[in-house]
Amino acid sequence: MSATVEFTIDGKEIPAQPGQTILEAAQQAGVYIPRLCWCKGLVPHGSCRVCTVLVNGRPQAACTQPVAPGVVVENNTEKVTALRRNIIEMLFVEGNHFCMFCEKSGNCELQALAYRFGITAPKYPYLFPQRDVDASHPDVLLDRNRCILCGRCVRASRDVDGKHVFDFVGRGPHKRIAVNAAARLAETDLKVADKAVEVCPVGAILKKRVGYAVPVGQRQYDQQPIGSDIEAAPAGGR
Amino acid sequence: MSQNGKPKVATTSLAGCFGCHMSLLDIDDRILKLVELVDFDKSPVDDIKEFTGRCAVGLIEGGCCNEENVRVLRDFRAHCDILIAVGDCATMGGIPALRNNIPLQECYDEAYRNGPTVYNPSGRIPDDPELPLLLNRVYPIQEVVKIDYFLPGCPPPADTLWAALTALLGNQPVQLPYGLLKYD
Ligand code: SF4
Ligand code: SF4
Ligand code: FES
């Protein structure tokens, strides 16, 4: 191990290696920083801003911000949590999230973050946007109603699967996830075992015919809040 | 308050399926405790159709899909100290809100003219003045009146309803432990 960098998160001393991001160093020390677009094994994207922390008072994305000696990081404070709650609430009203029949429910990272933050209803009006479903692929469903534009599938397909099946098109409110085919997902070389299928944090990319397999009560976030596994792990254990 | 000094609770189902009311019945024998604690005013539970007085708590199931829902919701706001949105339909529109990105005319045509099981040779869409007019889309109730608490879920678990009601009747804030806040 090379020289360590010391800094603090909410007053706790965090040892880190130079070049690590704040999110990685925190995770290693058993401190959970909420995140959505970050995914283990993919290059950080820094787009969802759910991992926002205050670094010496300035908002920064913890998943892209490198550690620096002596910096003071605020993570689990009222102010930072309020910012993150707002982002989560906006993601709900910007899409069409009908959790009551979503196959991802109970295993969904967006929903789990809302539960962790105790969000009972978003404070913003619902937009009910017009979004498409692409059910053409024999084994994979793409439901844009639930896409939060995290870009995990884009990075996984490009960097891990080497396929470039997904990419973004459009800007601002018109931005959407597109497939690299004249029309539909079925015309791409996407396979159900691809990393791009596995990494979607929500129910936008789903494997067909495996929904609702796990009973309510036994799904990933039914009993324990998202991030509690990181908080429970001994420092340096992950 | 009732003449016997008990606080009153009113409930209604707007654009809902009565599943949330079923969940309320699902508190099982605690319902006996509940009727010791409160009296029901306007509610399908006792079939009282109009408010008889001021209520401590109003439970609203379902969103607003027609003008009648809006009228009832405003009546609840006027008569209840605390209004609680019960269930996903009240909170975000729920299943009825699946029509929200389909033009209203298309919904009518599918329901009364073109649907696979429709028999309607005249092609007429029901327009009796007794029938409440549909709104352009389904509205979550907090977009129509001020709502004090939200208990999401489809339906919210009976334990969630019990926890919230007993907290409020004991003048405590509603705090749901992890596991009682659900969206499904
Ligand atoms: S993707 Fe997640 S938040 Fe969206 S409907 Fe499905 S379970 Fe709910
Ligand atoms: S489809 Fe899933 S992984 Fe891809 S951008 Fe949307 S939410 Fe992210
Ligand atoms: S997880 Fe850092 S910006 Fe999305």
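The paragraphs below lead through selected helices, loops and single residues of chain A and then of chain B in a predicted model.

Residues are numbered from 1 along each chain as its sequence is written, and chains are lettered from A and ligands numbered from 1 in the order in which they are written. Because the model is predicted, local features need pLDDT of at least 70 and side-chain atom pairs count only at pLDDT 80 or more, while totals for chains, interfaces and linings use all residues, and side-chain values use heavy atoms, with hydrogens and water left out.

Among the buried residues of helix 2 of chain A are V80(A), R84(A), I87(A), I88(A), L91(A) and F92(A), buried meaning under 20% relative accessible area, exposed over 50% and partly exposed in between, with a 1.4 Å probe and protein chains only. The buried residues of this helix pack against strand 3 (52-55), strand 5 (72-74) and helix 3 of chain A, contact being counted for heavy atoms within 4.5 Å.

Two packed helices are described by the angle between their axes and the distance between the axes. For helix 2 and helix 3 of chain A, the axes come within 10 Å and cross at roughly 135 degrees, the axes being lines fitted to C-alpha atoms over the stretch in contact and the angles running from 0 to 180 degrees between N-to-C directions. Helix 2 of chain A is therefore oblique to helix 3 of chain A, since angles under 35 degrees count as roughly parallel, over 145 as roughly antiparallel, 65 to 115 as roughly perpendicular and the rest as oblique. On the side of helix 2 of chain A, I88(A), L91(A) and F92(A) meet L110(A), Q111(A), L113(A) and A114(A) of helix 3 of chain A. The residues of this contact divide into six nonpolar, one polar and no charged, with Ala, Val, Leu, Ile, Met, Phe, Trp, Tyr, Cys and Pro counted as nonpolar, Asp, Glu, Lys and Arg as charged, and the others, Gly among them, as polar.

The loop between helix 2 and helix 3 of chain A holds N107(A), which is partly exposed because its relative accessible area is 27%. Although N107(A) and V202(A) are 95 residues apart in sequence, they are 8.1 Å apart in space, C-alpha to C-alpha. Beyond its neighbours within four places in sequence, N107(A) is in contact with P201(A), R219(A), Q220(A) and Y221(A).

Further along chain A, helix 4 (residues 152-160) has as its buried residues R152(A), C153(A), V154(A), R155(A), A156(A) and S157(A). The elements covering them include helix 3 (109-116), strand 8 (166-169), strand 9 (176-179), helix 5 (195-198) and strand 10 (205-207) of chain A. Just after helix 4 of chain A, G162(A) takes a positive phi of about 65 degrees.

In chain B, helix 2 (residues 30-37) and helix 6 (residues 158-169) pack at an angle of about 25 degrees, with their axes 12 Å apart, and these two helices of chain B are therefore roughly parallel to each other. The contact is made by R30(B), K33(B), L34(B) and L37(B) of helix 2 of chain B and by D159(B), W162(B), L165(B) and L169(B) of helix 6 of chain B. By class, this contact has five nonpolar, no polar and three charged residues.

The loop between strand 7 (149-151) and helix 6 of chain B contains P155(B), and a cis peptide bond with omega of about -5 degrees joins C154(B) and P155(B). In the loop between strand 1 (8-13) and helix 1 (19-25) of chain B lies F18(B), whose phi is near 75 degrees, a positive value in a residue other than glycine. D47(B), placed in the loop between strand 2 (39-40) and strand 3 (55-61) of chain B, likewise has a positive phi, near 65 degrees.

Terms used. Helices (H or I, at least four residues) and strands (E, at least two) are DSSP runs, numbered from the N terminus.
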